[in-house]
Amino acid sequence: MMPRLNTIESCYTSTYDRYKNSIEEYERMQADNELMKEIIMEHSAQLQKMA
């Protein structure tokens, strides 16, 4: 019984680690996208003033 529990625990632990890493990566990408949006809007406004 214990070997099977260890196998199940290992599976859940590795799955948790994958999801945790994916969530952290997704949050970083969201932050990058927000920053890029702000910069693009700022540059667009500057270009419109020059036109």
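In which helix is the place of M36? The place of M36 is in helix α1, where helices (H or I, at least four residues) and strands (E, at least two) are DSSP runs, numbered from the N terminus. The model is predicted, so local features need pLDDT of at least 70 and side-chain atom pairs count only at pLDDT 80 or more, while totals for chains, interfaces and linings use all residues. Residues are numbered from 1 along each chain as its sequence is written, and side-chain values use heavy atoms, with hydrogens and water left out.

The overall fold comes next. The protein has one helix and zero strands. Its radius of gyration is 22 Å, well over the 10 Å that the globule rule gives for 51 residues, so the protein is more spread out than a compact globule. This radius is taken over C-alpha atoms, and the globule rule is 2.2 Å times the number of residues to the power 0.38. Along the principal axes, the C-alpha trace spans about 75 × 10 × 5 Å. Helix α1 covers residues 2–50.

M36 and R4 are 32 residues apart in sequence, and their C-alpha atoms are 48 Å apart in space. I40 and E9 are 31 residues apart along the chain, with 46 Å between their C-alpha atoms. I40, like M36, is found in helix α1.

Buried residues make up 2% of the 51 residues in the protein. I40 counts as exposed at 57% relative accessibility, whereas M36, at 46%, counts as partly exposed. The protein exposes about 5200 Å², and carbon and sulfur atoms supply 60% of that area. Accessible areas come from the Shrake-Rupley method with a 1.4 Å probe; for residues, only the protein chains shown count as cover.

Part of the nonpolar surface forms a patch. L5, I8 and Y12 make a nonpolar surface patch of about 330 Å². Patches are made of residues with over 30% relative accessible area and no salt bridge; like charges are joined within 9 Å, and nonpolar side chains (Val, Leu, Ile, Met, Phe, Trp, Tyr) within 5 Å. I8 lies in helix α1 and is partly exposed, with a relative accessible area of 45%.

The charged side chains remain. Side chains of opposite charge can pair when their charged atoms come close. A search of the whole structure finds two salt bridges, each being a side-chain nitrogen of Lys or Arg within 4 Å of a carboxyl oxygen of Asp or Glu. In one, the side chains of K20 and E24 meet at 3.9 Å, N to O. K20 and E24 are four residues apart in helix α1, and therefore separated by about one helical turn. K20 is partly exposed at 38% relative accessible area, and E24 is partly exposed at 32%.

K37 forms a salt bridge with E34, and their closest N and O atoms are 3.3 Å apart. K37 and E34 are three residues apart in helix α1, so about one helical turn separates them. K37 is partly exposed, with a relative accessible area of 47%, and E34 is partly exposed at 43%.

How values were computed:
Buried means under 20% relative accessible area, exposed over 50%, partly exposed in between (1.4 Å probe, protein chains only).
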